[in-house]
Every structure is written in C-alpha cells, then in structure tokens.
Amino acid sequence: MNKKYTYVWVSLIVLIFGIIVVPKIVDRLSGGSIVENDRLNTDIKDLNRKLGYILIDGKRRKVPSFEFFNQDSVLVSDKDYLGKVYVVDFFFTRCPSICPVMTTNLVAIQKHFKDADDFAIASFSITPDFDTPKVLRAYEEKYAINGESWNLMTGDHDGIYELANAGFNIFAAEMPDVPGGFEHSGLFALVDKDGFLRSRIDEFGNPIVYYRGAILEENGVNDHGEKEEIGILKVDIKKLLEE
C-alpha cells in the first residue's frame with residue numbers, strides 16, 4: 001500500500017478514537033464513577049469479576065438456621081436477615097489481638113453503607129458465658145456501633161461453636177495457651193439477600209470463600225505480606241446490593 005494512504009488511514013483511526021473514546025473516559029472521571037471501583041482494585045479485571053456461590057457437594061451453601069439474643073436482649077434469627085446483604089464474623093469482647101481490628105473494619109464498612117437499608121452485620125460472641133447482652137451493649141457503645149443494622153449476639157455456647165465451625169467453617173476454639181484463651185480466625189463471610197454464602201472468584205475461577213478481616217484497610221498489608229480485603233469486600237457488598 002502507498003505510504004501516503006497508510007498515513008491517511010492511521011490519522012483517521014486516531015481521530016475516531018479521540019472523538020468517541022476519550023470523551024467517555026473524561027465523562028467517567030468528571031462524574032466520579034471511575035474513582036470508587038478503580039481506587040479499590042489494582043487489577044482492572046476485578047471491575048467485572050462476578051461473585052460466586054460457595055458449593056458443598058455441588059449444592060449452594062446456605063446460612064444454617066440460628067437464633068440468639070442480641071445486645072438489646074432481643075431474640076434474633078437467620079430469618080431476620082432475609083432480604084438483606086450481610087457480613088458475618090465471630091469475635092469476643094475481651095479479645096486482646098485481632099478482634100479490635102475486625103470490629104474497626106466492620107464499623108468502617110457499616111458507615112460506608114449507612115444509607116443502605118438492605119445491608120446489615122451479624123457478629124457472634126465465642127465467649128457467650130461472659131459476653132452477656134449487657135456486656136455486648138457496652139462494646140457497642142465503645143466502638144460507636146449502630147445497633148439498628150448490627151446485631152452482636154450471644155447465647156448457647158455449643159450452638160455458637162457449631163455455627164462457627166460447622167455452619168460457616170470459620171474456625172473457633174478454646175485454647176488456654178493463647179492470648180485471651182481463645183483462638184479464632186479473622187475472616188468475614190458475605191451473605192446475599194437469599195441467605196446464600198457468596199464471594200468473588202479468583203484468577204483461577206475459584207471462590208475465595210472468605211475475606212480477611214484482621215488487616216486494616218488503610219494498612220494495606222500485614223507483617224506476613226497478606227493484603228487487606230476490606231476494599232474488595234466493599235466492592236462485593238455493593239454488587240450484591242445491586243443484584
């Protein structure tokens with residue numbers, strides 16, 4: 001092809017790109033739509049990454065039935081969460097290590113979705129004998145938790161451990177030799193409006209299952225080089241709210 005005509009075609013393509021694509025990018029930047037997603041995701045593929053279901057024996061894993069008293073001595077069950085997207089964690093008020101970080105992250109998440117009536121949090125104490133509703137109410141006040149959409153729950157000891165270890169597969173156990181006397185993971189579970197456990201799909205096509213809750217979002221990584229996942233959890237909560 002004649003070089004003259006080649007230059008003409010290249011110039012034409014560049015001109016079309018400038019007319020059609022660039023204004024759309026500018027609109028996204030000026031409208032702020034690119035900021036929230038792109039700030040929380042270092043990988044552009046995350047923007048379109050779908051949320052998967054947690055499968056057990058090929059069946060979608062649903063939150064098992066539960067019924068416990070909250071910080072206001074009100075009986076709360078899994079049915080009270082139907083129609084809401086919610087985050088689940090297991091903690092205890094005297095925890096000297098990861099619980100303060102987990103609660104701080106959940107407070108930040110609650111504030112982030114303060115205008116979403118269909119978002120909630122469910123926290124279960126693994127020391128229910130000590131964490132009475134009165135103690136949980138003091139914990140609520142200490143961390144400025146909005147109790148309208150966040151239940152701190154206590155009740156039957158065996159029932160809570162069954163819910164943690166068998167229901168959610170989130171480890172919790174009594175261990176006298178560790179600080180605080182109890183060992184538990186700092187993971188958050190994400191539940192959709194129909195009560196199914198959900199999570200984002202990793203680069204290999206598998207669900208990540210849970211989200212790290214014991215690393216502050218602002219810190220980025222912990223001492224072991226593990227990345228915080230509060231940022232992606234916020235993105236994924238938003239996706240479920242929009243389903």
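Lys 62 lies over the face of Phe 196, at 5.0 Å from the ring centre. Such a charge counts as over a ring if NZ of Lys or CZ of Arg is within 6 Å of the ring centre and within 35 degrees of the ring normal. Arg 94 sits over the face of Phe 130, at 3.8 Å from the ring centre.

This is a predicted model, in which local features need pLDDT of at least 70, side-chain atom pairs count only at pLDDT 80 or more, and totals for chains, interfaces and linings use all residues. Residues are numbered from 1 along each chain as its sequence is written, and side-chain values use heavy atoms, leaving out hydrogens and water.

Next come the ring pairs. The structure holds 11 aromatic pairs. Rings of Phe, Tyr and Trp (its six-membered ring) pair if their centres lie within 6.5 Å; planes under 30 degrees apart are stacked, over 60 edge-to-face, and the rest tilted. Phe 66 and Tyr 81 form a tilted pair, 6.3 Å centre to centre with 55° between the planes. Phe 66 is in the loop between β3 (59-60) and β4 (67-69), and Tyr 81 is in the loop between β5 (75-77) and β6, 15 residues apart. Helices (H or I, at least four residues) and strands (E, at least two) are DSSP runs, numbered from the N terminus. Phe 66 is buried at 6% relative accessible area. Tyr 81 is buried at 3%. Buried means under 20% relative accessible area, exposed over 50%, and partly exposed in between (1.4 Å probe, protein chains only).

The rings of Phe 91 and Tyr 139 have centres 5.3 Å apart and planes at 40°, so this pair is tilted. Phe 91 belongs to strand β6 and Tyr 139 to helix α4, 48 residues apart. Phe 91 is buried at 2% relative accessibility, and Tyr 139 is buried at 5%.

Ring pairs also build a cluster. Its members are Phe 66, Phe 68, Tyr 81, Tyr 86, Phe 90, Phe 124 and Phe 168.

Now the core. The largest nonpolar core has 55 residues, and Phe 90, Phe 119, Phe 124, Phe 168 and Ile 237 have the most contacts inside it. A nonpolar core is a set of buried Ala, Val, Leu, Ile, Met, Phe, Trp, Tyr and Cys residues joined through side-chain atoms within 4.5 Å. Elements giving two or more residues to this core include β6 (85-91), α3 (99-112), β7 (119-125) and α6 (230-241).
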